[in-house]
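Hi,

Here is the structure I promised to pass on to you. Have a look at it first, and then read my notes below.

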Amino acid sequence: MIKITFCCTGTEPAPWLAGLRAALPQAQVELWQPGTTPADYAVVWAPPQQFFDEQPKLKGIFNIGAGVDALLRLRLPPQAAVVRLEDAGMAVQMAEYVSQAVIRNFRDLETYAADARAGHWTYYKPRQRNEFSVGVMGLGVLGARVAQALTHFEFPVNGWSRSSKALGGVRHFVGAAQFHDFLANSRVLVNLLPLTPETVNILNRDTLSRLQPGGYVINVARGAHLVDEDLLELIKSCHLSGATLDVFRTEPLRPEHPFWREPKITLTPHTSARTLRADSIAQIADKIAALGRGEKIAGIVDAARGY
Ligand code: NDP
Ligand code: OXD
């Protein structure tokens, strides 16, 4: 019998265990406890190192998120494939979140809301859509969906990734050689890159200064992509008009962090695309069943690439 162990920090285990048992009735699915017998597969989120030290024969590690940066910092059993969530209901949430942030900035909705609270009836000059290009960094499962959603609102959309792609309505820039062109052609910058040694601190004074004046930053990937002080300085100097941030270097964001007090920054608590339990269980169960039949599965992380 296949044995599956569940170790997801900050997640209520009971409904996950029930869902996995229902989806994989032939498997034995247990909540990990220190000292339990080794399993074949693990379903994890932010597990302690001790978890992997006690799991020498894992064949697969299923992460209940799309980003695996924290997982790859641990010492993992070398034979185990690391498998991430692919979409599982997150892409549409990310498209909603980013579209609303772009539109709120484009339509000055924050300013109108503040005016309404103050009882002011004031009009602002509409912006030109053709001068409001949005650049999406990372055109993977989430970035591609976001870029395509933005084309429906007829914004000029640029996309940047390592390898070339053909996405309808999206002007594509590839690799380091075209990165500066991509930035210079973008006013709003959306970050949907994985956090890797190549992308850490990628949103910094140099790169953000290259955005068009009045630039706006939407970071929904990882906090360590962004150099916090550089963003604050560029907002203070008015090169950037503001930012929407969903992810932070330290989460929860510490009460003393200056982001809380910068009115041009809108914050949310890492909620732009939540893991949906039913969709995630269905995806993981299908992949475990496929592996059992000796089939190949998608979503296996390339540890050398970091995503
Ligand atoms: P994918 O792996 O599907 O896509 C990653 C994209 O980034 C690919 O297009 C890849 O290029 C590109 N990329 C990677 N490295 C580089 C580089 N050095 N230069 C240029 N492009 C690069 O990931 P997802 O779309 O599923 O997720 C993206 C990230 O979103 C996750 O890693 C996670 O950090 C974050 N996330 C945040 C959530 C939240 O709630 N805030 C929820 C879910 C995810 P190529 O296609 O050429 O390989
Ligand atoms: C993820 C996340 O990576 O929630 O899925 O950040």
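**Where the two domains meet**

Across the interface of domain 1 and domain 2, the rule finds 1 salt bridge, a salt bridge being a side-chain nitrogen of Lys or Arg within 4 Å of a carboxyl oxygen of Asp or Glu. Arg-222 forms a salt bridge with Asp-69, and their closest N and O atoms are 3.0 Å apart.

Before going on, please note that this is a predicted model, in which local features need pLDDT of at least 70 and side-chain atom pairs count only at pLDDT 80 or more, while totals for chains, interfaces and linings use all residues. Residues are numbered from 1 along each chain as its sequence is written, chains are lettered from A and ligands numbered from 1 in the order in which they are written, and side-chain values use heavy atoms, with hydrogens and water left out.

The protein chain is divided into domain 1 (3–88 + 275–292) and domain 2 (90–267); these bounds come from an automatic or database domain assignment. To the contact (heavy atoms within 4.5 Å), domain 1 gives 12 residues and domain 2 gives 7 residues. The two domains bury about 740 Å² between them, with 53% of it on carbon and sulfur atoms. Buried area here is the accessible area (1.4 Å probe) that two parts lose on being put together, summed over both. On the side of domain 1, Ala-66, Asp-69 and Asp-87 lose the most area to domain 2, together 58% of what that side buries.

**Ligand 2**

Which residues are around ligand 2? They are Gly-65, Ala-66, Gly-67, Met-90, Arg-222 and His-270, where a residue counts if one of its heavy atoms lies within 4 Å. A backbone N or O atom of Ala-66 lies 2.7 Å from an oxygen atom of ligand 2, and for a backbone N or O atom of Gly-67 the distance to an oxygen atom of the ligand is 2.8 Å. The side chain of His-270 has an N or O atom 2.7 Å from an oxygen atom of ligand 2. Taken alone, ligand 2 exposes 210 Å², and the protein buries 86% of that; these areas come from the Shrake-Rupley method with a 1.4 Å probe.

**Ligand 1**

Ligand 1 has 30 residues around it, of which Arg-84, Leu-142, Ser-163, Lys-165 and Tyr-307 come nearest. A side-chain N or O atom of Ser-163 is 2.5 Å from an oxygen atom of ligand 1. Taken alone, ligand 1 exposes 940 Å², and the protein buries 93% of that.

Enjoy exploring!

Methods:
Polar contact = N/O pair within 3.5 Å; in protein donor to acceptor, adjacent residues only side chain to side chain.
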